[in-house]
Structures are given as C-alpha cells and as structure tokens.
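I have the model open and my notebook beside it. Here is what I looked up, entry by entry.

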Amino acid sequence: MEKKVMTREEAKYELEHMKPLPLKEKVGYTFDGLANVWMMAIPMFLMTFATENLKVAVGLVGLVMMLVKVLDGFTDIIAGILIDRTKSKKGKARPWMLWMAIPYAVTLAAVFYIPENANMVVKVVLLVILYALSISVFGTIISVARTVLMTRMTDDPKERGQLGVLNDGVSAILCGLLMALTNIWVMQIGYAKIFTIYGIVAFVACILTYILCEERVGELNDIMIGSKKETVKIKDLFKTLGKNKYALVLLIYILLLNIANTIIQTGGLYYAGNVLGNQMLYSRFMLFMVIGNIVGFLVATPLVRKIGSRKIFIIGSIVAAGAAAVIFLSKGRSFTLICVCICLIAICGITFTTTQLMAMTGECIDYGEWKTGVRAEGVTSAIASIGVKIGGAVGSALLSGAMAAGGYISGAQTQSAEAVSSINFAFAGLPMILYLVLAILYIITWRLEGRHDEMKAEIMANRTAKAE
C-alpha cells in the first residue's frame, strides 16, 4: 500500500518530537568509521610498500596515486548519483554498505599481494588497477554512503555533530593506532597477512553498520516530498549542486585539511628514518598521535556544545599550524618536543576539524534543498568524499615531489643533507602553511552555522506545498 503524504502539521510534529538516536545506531555508525579508516590506511602504507618492497621510484608512486585520485573525482559523483537514485526497503545508503562489503575487503588486501619479483611494468599495472578498485570504486561508494547515511539517520544538527565526532573520532584514533603498530607488525608477518586481517575487519564493520543503523529521517523526507513516486533526475541533482556555493567551499576545506593530514601521517615514517635517524621512532611518536586523537575525541563534543563548531574549527586549525611550525623549526633536535606537537596536531588539526566536516556536509545538503527545492544527498556527499581522497592524493604527491626534488633515493641506506632537509619541510612546513590557510579561509567564507532552524522551516513549508 502506498504511503500517505504527510500534512504540514504531521510533518512538523514528527520533526519536533523526533527522539534522540538510540545507542545501537550510534554504535553502528561508529563501526562505519572503522570501515572507512582503511581508506586512510592504504595510501599511508602503500607508498612505503611500493617504494621499499616493490622498489618503484618514489616519483612514479606519487604519480600513480595522483592519477588514481583523479579517477576518484569521477567515481565519487557516479556513486552519489547511484545513491540518490537508489530505491530500496532498507533505504538509499545502507544497502551499499552491504553490497560493497566483500569486494572492498578483497581488493583492500589484494594490493599488498603484488609479487616483489614481478616485472616492473607488471608491478605498476597491478598497483594502478588494484589501488583504483579498492579506493576509487568500492571504497568510494562506501565513503559516500557513509555521509548520506548520517543525513538520513537524523535531522538534528547536534545529533549529526555527535555522529561526526563518534565516526571521525574513532577513525582518527584507529588511524593513529594503525600508524603506530602496522609498521611493527609488518616487520613480523609482512604486508599481505596484515592487510588480509584488515580486510576481514573492514568487511565485518560494513555488515554491522548495515544491521544496526536505520534511515528514519530519510524515510520521513521521502514521504514528505513524495520521492517514492518518482526518480530524481540527474540534471536536477547537478542543478542543486551547481547553485550550492557552500558545497564548493566545503570541498576546498576538505582538500586543504586532508592534504595537510596526509603529509603528517604518511611522511612520518620518512621523517623518523631520515630526520630523526631511527625509523622505529615512528611508532613511538605516532603513539602520541593516538593519545591526541583520544583526547580530542573526548573533549570535542562538550566543546562544540559550549563554544560552537565554528570556534572549535578555527582554534583547531590555528593550533595545528603553530604545532607544525615548531616541528619544522626544531629540525628533529628535540624528540620530546616533536611528540608534544604531534599530540597537539592530532587533537586540533585532525580531531577538532575533521569531526565537524560531516555536520557541515549535512548543512550543505539542507542549504542546497533550501535554494533549489531538490535534496541531492548523494551528490553533495560525494563532494566530501572527493575532497578526502583527492586531498590524500595531492598530499602524497606533494610529499613525494618534495622528497624527489631534494634528491631522495628509494631504498638507499643514507640520504643527502638536501634530501633530509626536504623531508623536514614536506613533513612540517607544508602542513603549517595549509592549516593556517584553512583557518583564514574558514573565517572569511563559512556562514551557515546558526541558520539551520530558519532553513529547515522554509524547507518544510516548501515540501508540504509541493506534496499538496
């Protein structure tokens, strides 16, 4: 039986009296962060695996990662369109977590099964194909579905903010643990076995998110705008995206943030081995990143409630820039000082800023519907996914480019003074600049915070008028 279109009064009642999300759904969405963390882990360790194990030139590895991320620009939009046009009893986003679980897990591990004794051409071809499938195809769909799912679980900005803190906070903590421990585990059992285990964990995480979460708000929106009766046209999706100035602004924020974070996270191994002179120190100071992520995770939500997401985003960016500047100027002379600064970057530059991006994406989706009358959840969410992955690719490319320009030689026991200096600049100098630019840009351009109630009231009125 076809569902009845809600009246204005019924819709208002449902939104005003919607209960907070149950704990099981918040836990389920946190597992989605566990599934997404491998999107960050692959670029970090693939670069080291390719240069040190496969002996692929560092410049070529950077180029491969860059080209695959360019492909992401197309696959993210395609994933957004697929999700926007999905019709299922289980919702729009949830089914994709189920459908992509196996292929994502398999290709995530397969990248690290490339044989070290293969022809160089074969190595590079397999690297491109498997990396593209894991990140640009299956991982992309999961990443876009993750953001869409958040917007369809709740309409409450505070609840969305909590989901963002839980999801991205857990991702950041796990990412830090991965950086601290994976290098040690690799030395014991190798990349292939480690990433096989990671693939299994990613599969289980996707399934648990599918089982535990619901798209209750998405279902409500579908009823109110009558979208169960017709499929959203692709041209309308791009129309609302084209008129959504905040989607472009958000893309720039995410690009800058992920370029900086990728350089810090990926470049740490090279920094420890060449600037600090001991690669094993990487695991030690990355533990401080885990500590920082945990602290940031614990204090982000109460701080957002007290001072607002705008202030916490600005403070996070500025403090991270200052910490990166201290690392750059120290040139590895004080290991303790570097650990403190890494901890501050984890708290402020990674956790404080990243956990606000998902809530900001939800505001962008609402803004797009407010301006055009079309709710493009998938396509708008694809912007966030594009920014994360292209930002990661550009970060890796900048890191490898700076190292290559300084004369870094893959696999060499010792590096020149110029190469060491270039690693120091890439690891700390570039993030310093990027975090500072991010703070200034955000202060100048973001104007949506505090306008949600106003936009939502007009959106509800437009939906009801359209339904009638």
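**Loops.** I started with K331, which sits in the loop between α13 (309–330) and α14 (335–372); helices here are DSSP runs of H or I of at least four residues, numbered from the N terminus. This is a predicted model, so I kept in mind that local features need pLDDT of at least 70 and side-chain atom pairs pLDDT 80 or more, while totals for chains, interfaces and linings use all residues. Residues are numbered from 1 along each chain as its sequence is written, and side-chain values use heavy atoms, leaving out hydrogens and water.

The phi of K331 is near 55°, a positive value in a residue other than glycine. Most residues other than glycine have a negative phi. K331 counts as exposed because its relative accessible area is 54% (exposed is over 50%, buried under 20%, partly exposed in between, with a 1.4 Å probe and protein chains only). I noted K55 as well: its phi is near 60°, again a positive value in a residue other than glycine, and K55 lies in the loop between α2 (23–53) and α3 (58–84).

**Salt bridge.** How many salt bridges does a search of the whole structure find? I got one, taking a side-chain nitrogen of Lys or Arg within 4 Å of a carboxyl oxygen of Asp or Glu. R152 and E215 form it, with their closest N and O atoms 2.6 Å apart. The pair links distant parts of the chain, 63 residues apart: R152 is in helix α6 (residues 120–153), and E215 is in the loop between α8 and α9 (216–225). Both R152 and E215 are buried.

**Core.** Next I looked at the largest nonpolar core, which has 131 residues (buried Ala, Val, Leu, Ile, Met, Phe, Trp, Tyr and Cys joined through side-chain atoms within 4.5 Å). W38, F195, Y271, F285 and W446 touch the most other members. Helix α11 (residues 245–275) gives the largest share, 17 residues. Apart from this core lies another, of seven residues, including V165, I312, C348 and F352.

I then asked what W446 touches, not counting residues up to four places away in sequence. The list is Y246, V249, Y253, R310, M360, E363 and C364, with contact meaning heavy atoms within 4.5 Å.

**Rings.** I found 18 aromatic pairs in the structure (ring centres of Phe, Tyr and Trp, the last by its six-membered ring, within 6.5 Å; planes under 30 degrees apart are stacked, over 60 edge-to-face, the rest tilted). F195 and Y198 make an edge-to-face pair, 5.1 Å centre to centre with 75° between the planes. They sit three residues apart in helix α8 (residues 191–212), about one turn of the helix, and both are buried. W446 came up again here: ring pairs join it with Y246, Y253, F313, Y367, W370 and Y442 in a cluster.

L287, F288, I291, I294, V295, L298 and V299 form a nonpolar surface patch with about 550 Å² of accessible area together. Of these, I checked L298, which lies in helix α12 (residues 281–307) and counts as exposed because its relative accessibility is 57%.

My last stop was V388, in helix α15 (residues 377–405). It counts as partly exposed because its relative accessible area is 30%. V388 and I259 are 129 residues apart in sequence, yet 8.4 Å apart in space, C-alpha to C-alpha. Leaving aside neighbours within four places in sequence, V388 is in contact with I254 and N258.

Note on methods:
Helix = DSSP H or I, 4+ residues; strand = E, 2+ residues; numbered from the N terminus. Patch = residues over 30% accessible without salt bridge, like charges linked within 9 Å, V, L, I, M, F, W, Y side chains within 5 Å. Areas by Shrake-Rupley, 256 points an atom, 1.4 Å probe, with all protein chains shown as cover.
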